[in-house]
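Student: I have the structure open and want to go through it piece by piece. Can we start with the strands?

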Amino acid sequence: MDLKKVFLKDACPTSIGGQAIMEGIMMRGPERTAIGIRMPDGRIFMKTEANPKGSKWGKIPIIRGVVNFVNSLVYGTKVLMYSADKLEEFYPEDYEKDKFDVWVEEKLGKEKAWKILMVLSVVLAIAMSVGLFMLLPTVVVGWVSHLTSSILLMNLVEGIVRILIFMLYIILISKMPDIKTVFQYHGAEHKTIHCFENNLELTPANAQQFYTVHPR
């Protein structure tokens, strides 16, 4: 990999970021968010909207990190589910809901069911993150503490365990076809930001010049 194509000296860094969604990407700037979704027939559905106003809690030191993390997670999940709904809206025969989703909608109504499923998704994501990347390494270090009293060695083991868990997690989920597609869109997002920060027209040909790796 040529690092000169990753850390581009003539690029103009921006605060624009984004994420992969179902069959597309979401790009978020300081004031507005754009969503692009590829339909099964090849057409691109586009939507732009103003960003929600930030909470006053998001400006308080120490607290703002947690608040902004939760807000980003909730908004990201909301956009992800929106993309799934949009695909189902245009092509319902290709995107059938599973029995659980149908049951929840029948019992609670579509709007309320959507909100509950979004909350459950966020809670589950946080619980899995805490369990896999915080609690499990701590448990392993607890076992290691019976073999050594070296703080340096225990910290090293904890770091290695976290890296191994993360790598195993990425390898396993990348085997799923849908997740592999999401990864590809995530790479497209990075190419797009590279292209924009180098003041080039946002076209597929221009974006293809760049790596999927972005320094941010």
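Student: How do β2 and β3 pair, and over how many bridges?

Tutor: Strand β2 (residues 24-28) pairs with β3 in the antiparallel sense, over five bridges. Strands pair if DSSP finds at least two bridges between them. Helices (H or I, at least four residues) and strands (E, at least two) are DSSP runs, numbered from the N terminus. This is a predicted model: local features need pLDDT of at least 70, side-chain atom pairs count only at pLDDT 80 or more, and totals for chains, interfaces and linings use all residues. Residues are numbered from 1 along each chain as its sequence is written, and side-chain values use heavy atoms, with hydrogens and water left out.

Student: Which residue is the bridge partner of glycine 24 in β3?

Tutor: Isoleucine 37. β2 and β3 form a hairpin with three residues between them.

Student: And how many bridges join β3 to β4?

Tutor: Seven, and these two strands also run antiparallel. Threonine 33, for one, has glutamate 49 in β4 as its bridge partner.

Student: What does glycine 42 do in the hairpin of β3 and β4?

Tutor: Glycine 42 takes a positive phi near 100 degrees; that hairpin has five residues between the strands. Proline 40 lies in the loop there, between β3 (32-38) and β4 (44-50).

Student: How far is proline 40 from leucine 87?

Tutor: They are 47 residues apart in sequence and 8.4 Å apart in space, C-alpha to C-alpha.

Student: Switching to charges. How many salt bridges are there?

Tutor: The count is three, where a salt bridge is a side-chain nitrogen of Lys or Arg within 4 Å of a carboxyl oxygen of Asp or Glu. One of them joins arginine 43 and aspartate 41 at 2.8 Å, N to O. Arginine 43 is partly exposed at 43%, as is aspartate 41 at 44%.

Student: Which residue does lysine 47 meet in a salt bridge?

Tutor: Glutamate 49, at 3.4 Å, N to O. The charged end of lysine 47 also sits over the ring of tyrosine 82, 4.3 Å from its centre. That label requires NZ of Lys or CZ of Arg within 6 Å of the ring centre and within 35 degrees of the ring normal. Arginine 28 sits over the ring of tyrosine 75 in this way, its charged end 4.3 Å from the centre.

Student: What about arginine 162 and glutamate 158?

Tutor: Their side chains meet in a salt bridge at 3.1 Å, N to O. They are separated by about one helical turn because they are four residues apart in helix α4 (residues 151-173). Arginine 162 is partly exposed at 32%, whereas glutamate 158 is buried at 17%.

Student: Last topic: which residues form the nonpolar patch on the surface?

Tutor: Val66, Phe69, Val70, Val74, Ile126, Val130, Met134 and Leu135, with about 650 Å² of accessible area together. The elements giving two or more residues to the patch are α1 (63-90) and α3 (110-144). Patches are made of residues with over 30% relative accessible area and no salt bridge; like charges are joined within 9 Å, nonpolar side chains (Val, Leu, Ile, Met, Phe, Trp, Tyr) within 5 Å. Accessible areas come from the Shrake-Rupley method with a 1.4 Å probe, and for residues only the protein chains shown count as cover.

How values were computed
Buried means under 20% relative accessible area, exposed over 50%, partly exposed in between (1.4 Å probe, protein chains only).
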